[in-house]
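Here is a short report on a two-chain model. Read it alongside the sequence and the coordinates.

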Amino acid sequence: MTTSLQGLLAGWITGQRWFAGKGRAIDDLSIDSEIEIVAGDPALLHLIVCVRQGERRTRYQIPVGLREHLPDRLGHVRIGACRRDDREVEVYDALHDSALTGHLLEGMAGDRRFDGLGFHLAHGAQIDTSQRSLVLTAEQSNTSLVYGDQYIFKLFRQLSPGVNPELEIITALADAGSAQVARPYGWIETELLGEPTTLAIMQEYLQNANEGWSMALTSVRDLYACPEDMPAQDAGGDFAGEARRLGLATAQVHRELARAFPTGTIEPPEIKRMTERFRRRLDKAVAEVPRLGEHAAVAAEAFDRLSDLGHEIPVQRVHGDYHLGQVMRTMTDWVVLDFEGEPGQPLAERRALDSPLRDVAGMLRSFDYAARHLLADRPDAESLENRAREWSERNRAAFLAGYSEGGGRIRGDDAVLLRALELSKAVYEVVYEARNRPSWLPIPIAAFR
Amino acid sequence: MSSTTPPPSHTQPSHTQPVPNTFTEEEPRDKYWYKRAVFYEVLIRGFADSNGDGTGDIRGLIEKLDYLQWLGIDCLWLLPLYESPLKDGGYDISDYMKILPDFGDLGDFVRLVDEAHKRGIRVIADLVMNHTSDQHPWFQASRHDPEGPYGDFYVWRDTDEEYKDARIIFIDTEASNWTFDPVRGQYYWHRFFHHQPDLNFENPAVQDAMMEVIRFWLDLGIDGFRLDAIPYLFEQEDTNCENLPATHAYLKRVRAEVDRIYPDRVLLAEANQWPADVVEYFGDPVTGGDECHMAFHFPLMPRIFMAVRRESRYPISEIMAQTPKIPENCQWGIFLRNHDELTLEMVTDEERDYMYSEYAKDPRMRANVGIRRRLATLLDNDRNQIELFTALLLSLPGSPVMYYGDEIGMGDNIWLGDRDGVRTPMQWTPDRNAGFSNCDPGRLYLPVIMDPIYGYQAINVEAQQKSASSLLHFTKRMIEIRKRHPVFGLGEFTELNSSNPSVLAFVRELGDDRVLCVNNLSRFPQPVELDLRRFEGSTPVECMGGVPFPPIGELPYLLTLPGHGFYWFTLPVTHRTAGTKEE
């Protein structure tokens, strides 16, 4: 007697990185949708499953492969054996099988539809379907494939109804000719709970590009190893030039977003309400992390000043979760990735208009993290504190200079808003680090000075 | 008879053999030798003194040819050796057909070429076509006899009003590109120093005279020229007087003549310009190139320094991405250091290049790479960095041009004026005058380096030849490896996606000859994951020791490198089918 497919999946899903309900028992796993994309052996089956854990229901997307005999190279992604159409078949995670993933490319290239599953080719794009895929490792909530060195295909594992903001943004910006986004090639869509929902996006793979975070850390490491009396601007690994160019690129993206999507303003009463939320969050944080208490006045004062702001603030679509890990240095420029907004938030909130300074604040915090995160476990952390501050200040200033130079607005009272946004973010970080990485707590604490 | 579309050299079976040791006009064995040669820039004045007058000479150089052969050098590049008042290091020629007496005579030169050829070494020399010394008989005749045969050999005008758009190159010393000559009562044109009047290439007699000079030296057996300051041959109103069509037309004429009579010689352009502009000097790609065979790649050098300083591959990656394809039979000349000062300002255009602003603000890059230091002193005598730089020089696309003394890590003397700091005597032995000369030390043309780190008692050829772990032996070994793999000179260059911004990885490919080069530009150890799926199934073999590394599979290939470490791997072709994916 073999297990049912549901039974197999229920056993397998808890071990996946992207499974969000870890640590709680699965009460039920049902298959909401099952669509055959490829028949035969190997076969490709697209599944949407619903996992119930107590009151919570979460939907996941799982493309599975079916083969009579599973070759060794796919042994590590085996889900199990089950009986289908009177045949014993091996079930496995299809994304690791490049013999099957090519069909996803072909589907998008041909704008094809399989029952409820719509494959789409991006406007003006052409797809080379001969590229072979490889799964990228080290991802949390999605699974990404790189096809050749041409495309990156991101499949969202946990599904919530609605069009993914990233697809919306990169499509609009690429159509407007933006150099700061990776060009979209196609996407897969279905209807979930009555709403069109993005299942996967394929974009240009940025060849030979590196993440801003790893470049920044290279620079920080270099500075830490320099003689103490050498000023940061004389250090070999100085990052300020890159930080300035990142500021320019950020301003460019904000301008393009403002052009492609609606903009608006928030009025003083709404600003006061926002400030209230900041204060409440601060109070809760101080209650949870007493160490924050001695610094709380700094944040409170910044929030007071924001509350007193007597005029409106312009808002627009923004990145929403902007930091050095979301930007890539290509051969010519900085490119911004992951316009998904803050993960885990409802889609409506992720698409809401906000001040572009929220992104600026996010990046400023990221510079601070880059400067200090290597200190966390170093015995000589104290002696390097000054170096960290110097690096952070220098690169934050360069980023802001680039942002202003590129037309980003930081004038007059904008500094008040920026400061409040940054400290509000730092409050959130304090709570997060206290819960998850106590040794990193000094990083956000240092923001309150 | 020369064919205008010769077959690409890599279809010839000869490329795994050493450069042939016979160089005869009747039987040029390899027309494209320069594409895989290792060049060595030598100052005759500074290399070896045979007659004890304190100045190096041609006979001294001949005595050292065995050393250069041992090192693996394929071609010597000599700085100007013509008769000259030496107001500009010999770039002010007063007689094109004579050797500077300090260096010897034409007989010595012919013997040098002969002895070098016997050892499989070619010889090229600097040639300044754009201008002469004001002591040249042509100029003297021109100023004294405007109506005579040389009256129109230079660019004379009644006013200093023309060609206002041409920049002044030596802005520190020259106020104008025009200087008034009281003898002739007219202004003459000069792009460089006022004592170096520009020849008037509009005059066919000048064009012919220069052709005569070229034939004269080629007949003596020289293997080619490095053409100094070639963008400036012609002038034209309302232009910057650089890279003009007429200049290219004349170079095509020179090349056609060289191809006609001397088919295995080489013209190397010195055009200190952006690669996209320099490619013009290779001529028409349809013909495989019909102007210069080679040109220096100027922006690469400062970027190698910047990349290691920033611990980031971007300065190199970007310039390689911006370097256009060159005609089939052409080659870049690449270098780390040479006799001249080099500044990025000379080669960059802010709009095309972010490096300009980055570079201009970096105090160390401004103070050092711009000025006159040797490789070892620029790198604080850090052996790991010197080795990394040498590996980059020998593996990036182009023919490497080494500067004398850098193979032993010689230092410089910043207290000597102008560019003399990097032109001190070659350090051969720990003996008097570093074995360069047996003269009274006070008579040396420049003092030898004597400081405790770089002085000749610490750094010299003799000591390093005896020590297998010396920089000299390292350099020799790397040259040997390079020469075993024609791919370094002839192959395609492809940068690989590198997961680590401090690691520069690239593949050179020429058919089945494939080399993977991985360079850690950081002072700290680094890991890197490379996507080598294209070479799946191949087993990389490290070039220095021949150690096989784990075979390449489908997953990213993980390597770890020590600080400033590098690897060269051959990637042997496997005969497994590509269909390993399907069972």
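Which two strands form a hairpin with two residues between them? They are β15(B) and β16(B), and B:G511 in the turn has a positive phi of about 60 degrees.

This is a predicted model: local features need pLDDT of at least 70, side-chain atom pairs count only at pLDDT 80 or more, and totals for chains, interfaces and linings use all residues. Residues are numbered from 1 along each chain as its sequence is written, while chains are lettered from A and ligands numbered from 1 in the order in which they are written.

**Confidence**

pLDDT is the predictor's confidence in each residue, from 0 to 100. The predictor gives the complex an ipTM of 0.82 and a pTM of 0.87. Chain A averages a pLDDT of 92, and 98% of its residues score at least 70. Within chain A, confidence is lowest in helix α8 (residues 347–350), at a mean of 82. It is highest in strand β7 (residues 117–121) of chain A, at 97.

Chain B averages a pLDDT of 89, with 89% of the residues at 70 or above. Over residues 1–22 of chain B the pLDDT is below 50; this stretch has 35 contacts in the model beyond near neighbours in sequence. Residues 577–583 of chain B also stay under 50, with five contacts beyond four places in sequence. Where pLDDT is low, the predicted coordinates should not be read in detail.

**Chain B overall**

Chain B has 18 helices and 20 strands. Both are DSSP runs, numbered from the N terminus: helices are H or I with at least four residues, strands E with at least two. Of the 583 residues in chain B, 52% are buried. A residue is buried if 20 or more other C-beta atoms lie within 10 Å of its own, exposed if 12 or fewer, and partly exposed in between; C-beta atoms are placed from the backbone. Two residues are in contact if their C-beta atoms, placed the same way, lie within 7 Å. Among contacts in chain B between residues at least 6 apart in sequence, 68% join residues at least 24 apart.

**Strand pairing**

Two strands pair if DSSP finds at least two bridges between them. The table lists pairs of strands.

| Strand | Partner | Bridges | Sense |
|---|---|---|---|
| β14(B), residues 492–495 | β15(B) | four | antiparallel |
| β15(B) | β16(B), residues 513–520 | eight | antiparallel |
| β6(B) | β8(B), residues 186–189 | two | antiparallel |
| β14(A) | β17(A), residues 327–329 | two | antiparallel |

Why is β15(B) largely enclosed by the rest of the structure? Six of the eight residues of this strand (503–510) are buried. On one side, B:E509 is the bridge partner of B:E492.

B:W156 stands opposite B:Y188 in β8(B).

Chain A has an open antiparallel sheet of three strands too, ordered β14-β17-β18. Here the edges are β14 (210–211) and β18 (334–336) of chain A. A:N210 stands opposite A:R329 in β17(A). Helix α5 (residues 240–260) of chain A packs on the sheet, touching β17 and β18 of chain A; its direction makes about 45 degrees with that of β18(A). Axes are lines fitted to C-alpha atoms, for helices over the stretch in contact, and angles run from 0 to 180 degrees between N-to-C directions.

**Cores**

A nonpolar core is a set of buried Ala, Val, Leu, Ile, Met, Phe, Trp, Tyr and Cys residues joined through C-beta atoms within 7 Å. The largest has 162 residues; those with the most contacts inside it include B:A269, B:C292 and B:A295. Beyond four places in sequence, B:A269 is in contact with residues including B:L227, B:Y281, B:C292 and B:A295.

B:V278 sits in helix α8 (residues 275–278) of chain B. B:V278 is buried, because 26 other C-beta atoms lie within 10 Å. Its contacts beyond four places in sequence are B:A271, B:Q273 and B:A295.

**Interface**

27 residues of chain B are in contact with 21 residues of chain A. On the chain B side, the largest share, four residues, comes from α10(B). That side divides into six nonpolar, seven polar and 14 charged residues. Ala, Val, Leu, Ile, Met, Phe, Trp, Tyr, Cys and Pro count as nonpolar, Asp, Glu, Lys and Arg as charged, and the others, Gly among them, as polar.
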